[in-house]
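My notes are below the view.

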Amino acid sequence: MKPTRVADVIVIGAGIIGAACARELARCGQQVLVIDAGLHSATAAGMGHLLVLDDNQAELDISRYSLRRWRELGPQLPDDCAYRSNGTLWLAANEQELAAAEAKSINLRGEGIRCEMIPGHSLQEMEPILRDGLHGALRLPDDGILYAPNTARWMLDNPRIRQRRARVTELDGNRVRLDSGEWLSSEAVVLANGIQAVDLCPELPIAPKKGHLLITDRYPHPVTHTITELSYLTSVHNSSGASVACNIQPRPTGQLFIGTSRQFDTLDPEVEGWLLARMLKHAASYAPGLAKLNGIRAWAGFRAATPDGMPLIGEHPAQPGLWLAVGHEGLGVTTAPATADLLAALLFNEAEPIPAAAYAPGRYLGEPTHA
Amino acid sequence: MPDLHLDGRPLCVAPGTTVAAALALGGDGSSRTSISGQRRAPLCGMGICQECRVSIDGVRRLACQTLCQDGMQVETQA
Ligand SMILES: Cc1cc2nc3c(=O)[nH]c(=O)nc-3n(C[C@H](O)[C@H](O)[C@H](O)COP(=O)(O)OP(=O)(O)OC[C@H]3O[C@@H](n4cnc5c(N)ncnc54)[C@H](O)[C@@H]3O)c2cc1C
């Protein structure tokens, strides 16, 4: 097997993560070949909510840095990327959640992130779709939304990036084998193929977490923020069983995205009616007006979850030349810019834009075996 | 014989006529206008494709799954 050297860097996967990495590498002067098999991707299935999360320092670092990059990129993005800085409203349905919201606001403000508490009695004025009796909300005005599939396409439209439709069947450091049997090589290979990463690297600690979404017909509705519940913060981290959380996102078309669910131990892509119903009832318990709207499509997708919820970004400790950018769970659209900048910095030995240790593949794969 | 209004124009149809059929009988056959300004019309006829959504008495419904009733106000501009 004599591999053909095809580019400076091969990126496997043309989802939002592969696209962001390819774009950053191209910006650094690299010739990039992006290989994608055209599978059901998380990028096509996801919700594109761009949000700062602060459950731990690593999550805050990667989301805050990324939000800043999205705001810089925003004005350049074409219309069909549907980028908006519409803000997030975290709803508190009881005193406990209100206390959690206040604690969160203090933490965020301390980290330099703009946010404000909205008292319960002014919530309906801000978002008339909400029910009476909510205790309040935390508003993050600088969060946003994005239509990720078009943004990935836009990022890949670059003279230094070539794209090829093929399935990678085997990896060996900086060499990849395609389903045609052909071997290709480059200086570095970036693995950015979402939940399918384990097909090529079974040692990666990545598990699929299924999620359902629904989109409504267009209505002249007045929803402006992405509306989500604070108890989402706790249900996200349940490690077993099916859970639902209220997430309502206005699309620039006048449609609403309604989510979301989380399920482990399944790779069945079908919509499951019982869980979809539970999810919608739950959302309608915060926003009763939803029940009158017509849902025109529902679908499910898979998040690539790691045990600690943080992605794997960096060189594979046992495979020199193979770089990982996988495991972005439910936040990969948000965290694509930080992933790309960090990966490029590590690849070229430059200053890390955010501290890299929390995302280092070595935390699961051990230390490098090579010098 | 149900008497209804299609985009404000009166229309009389045979009992058992679906709103999708009424669109063809009394209008341009279309159910709505898409976000890019195209007129869209019923396609699958069995409640799956969602192309035939119309406004009936102010509520968004599927024309192919709805029978015409006396006094209905059907709007195809949304
Ligand atoms: C229901 C749901 C809602 C979500 N909501 C949000 C949200 O609101 N905000 C947010 O930030 N994130 C959200 N996410 C998460 C986000 O969508 C993902 O983290 C992100 O899209 C991951 O992108 P990716 O490029 O890593 O993977 P993917 O988008 O899955 O792309 C992987 C690509 O690799 C290709 N591929 C796979 N195997 C091979 C192979 N062997 N050879 C060649 N190509 C291959 C596939 O064809 C695919 O195109 C959500 C996810 C889901 C499922």
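These entries go through what I looked up, one topic at a time.

**Helix pair.** I was working on a predicted model. I started with helix H1 (residues 16–27) of chain A and helix H6 (residues 148–156) of chain A, whose axes come within 8 Å and cross at roughly 25°. Angles under 35 degrees count as roughly parallel, so I put H1(A) down as roughly parallel to H6(A). I noted the crossing of H1(A) and H6(A) as left-handed.

Next I asked which residues of H1(A) meet H6(A). On the H1(A) side I found A:Ile16, A:Ala19, A:Ala20, A:Ala22 and A:Arg23. Facing them in H6(A) are A:Ala148, A:Thr151, A:Ala152, A:Trp154, A:Met155 and A:Leu156. I sorted the residues of this contact into nine nonpolar, one polar and one charged.

**A:Leu322.** I found this residue in strand S18 (residues 322–326) of chain A. Buried or exposed? A:Leu322 is buried, since its relative accessible area is 0%. Leaving out residues up to four places away in sequence, I listed what A:Leu322 touches: A:Leu171, A:Gly173, A:Val189, A:Leu191, A:Cys201, A:Gly314, A:Glu315 and A:His316. I also took A:Leu322 against A:Gly29: they are 293 residues apart in sequence and 19 Å apart in space, C-alpha to C-alpha.

Note on methods. Residues numbered from 1 in each chain as written. Chains lettered and ligands numbered in written order. Predicted model: local features only at pLDDT ≥ 70, side-chain atom pairs only at ≥ 80, totals over all residues. Heavy atoms only, no water. Axes fitted to C-alpha atoms, helices over the stretch in contact; angles between N-to-C directions. Helix = DSSP H or I, 4+ residues; strand = E, 2+ residues; numbered from the N terminus. Parallel < 35°, antiparallel > 145°, perpendicular 65-115°, else oblique. Left-handed = near helix turned anticlockwise from the far one by under 90°. Contact = heavy atoms within 4.5 Å. Nonpolar A, V, L, I, M, F, W, Y, C, P; charged D, E, K, R; others polar. Buried < 20%, exposed > 50% of the residue type's maximum accessible area, 1.4 Å probe, protein only.
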